[in-house]
Amino acid sequence: MVADKGKKLKIEERDDEESLDDIDESIYLTIEKLQDLQDELEKVNEEACEKILEVEQKYSEIRRPVYIKREEVIKAIPDFWSTAFLSHPSIDEFLRPEDQKVFEYLSSLEVEDFKDVKSGYSITFNFKPNPYFEDTKLLKTYFFPENEITKVTGTTIKWKKGMDITKDVNHEKKGSKRPYVDDRRSFFCWFSDTKPDDIVEVSDSEGWVAPSLHVGDIIKEDLWPNPLKYYSCGSDEEDSGENEDEDEDVDESDVDGTEDENGDEEDDT
């Protein structure tokens, strides 16, 4: 009887082992099928990318003459590009007071994809003659070689003597004569950055710093397609500021008029 029980246990253990082997083999075969499907999806995705690229290349050429016409219209609007650039909230975060003063001389902005679209793009900043640097154009270019690290180039700015704002600049806080140094980098340092991971950083209210989009991406993907949106924001702010000044002038004149009336009444008595 005991021998029968031992024999039964051995048979059960052997059946369990065979069952596990069957399960392992079943899972292995299933994973192979899954891998085949993933490979098939990868081929579909590659084909989709090729088709999407063809569409992007086609419409990049269609957009080009429209951008040229748009620039002709923009020329009739004073300070259009400087207003739009300075009013973009993501860009404004990284502009020191000195940067803002320089960008008041920005006359136009151009973003151009390379002909095949996928291999890179360039951003050209055109400036009016200014007291800061000799250049009339500042260029930033991104190259995306296939299977290689992204390459970035930028203009080496020819600063006029004593006007290089990329160096530390002392400021004077309101209500205090004690100078302080703005520890943010000047935006113009971006032109000399040549690292592929050239990213801007965003600080929240708690001082936490997080990576954000490339500055180039912000300009190319957001500002360039619709600068009117940001120009309108900037012009609206200027209008509201002028209206506030007018309201203050009206309030002061009302007070003066009231005082005159009171003075006349006192004289009559």
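Helices (H or I, at least four residues) and strands (E, at least two) are DSSP runs, numbered from the N terminus. With that in hand, colour the protein chain by secondary structure: there are 6 helices and 8 strands. Along the sequence the pattern reads α-α-α-α-β-β-β-β-β-β-β-β-α-α.

A word on what you are looking at: this is a predicted model, where local features need pLDDT of at least 70 and side-chain atom pairs count only at pLDDT 80 or more, while totals for chains, interfaces and linings use all residues. Residues are numbered from 1 along each chain as its sequence is written, and side-chain values use heavy atoms, leaving out hydrogens and water.

**Stop 1: helix 2**

Buried means under 20% relative accessible area, exposed means over 50%, and partly exposed lies in between (1.4 Å probe, protein chains only). Among the buried residues of helix 2 are Phe80, Trp81 and Phe85.

**Stop 2**

Now centre on Phe125. Leaving aside residues up to four places away in sequence, Phe125 touches several residues, including Phe85, Phe103, Trp190 and Ile219; contact means heavy atoms within 4.5 Å.

**Stop 3: the largest pocket**

Next, select Tyr67, Val111, Glu112, Asp113 and Trp224, the lining residues nearest the centre of the largest pocket. Which helix gives the largest share of the lining? Helix 1 does, with 9 residues. The lining has 7 nonpolar, 3 polar and 12 charged residues. Domain 1 (25-76) and domain 2 (78-164 + 185-238) both give residues to the lining, so the pocket lies between them; these domain bounds come from an automatic or database domain assignment.

**Stop 4: two loop residues**

Finish with Asp79, in the loop between helix 1 and helix 2. Its phi is near 55 degrees, a positive value in a residue other than glycine. Asp79 is partly exposed, with a relative accessible area of 43%.

Then go to Val117, in the loop between strand 1 and strand 2. Val117 also has a positive phi, about 70 degrees, and counts as buried at 15% relative accessibility.

Methods. On a 1 Å grid over the protein atoms alone, a cavity is a set of points where a 1.4 Å probe fits but cannot get out, and a pocket is an open set with protein on both sides within 12 Å along at least five of seven lines; lining residues have an atom within 4 Å of a point. Ala, Val, Leu, Ile, Met, Phe, Trp, Tyr, Cys and Pro count as nonpolar, Asp, Glu, Lys and Arg as charged, and the others, Gly among them, as polar.
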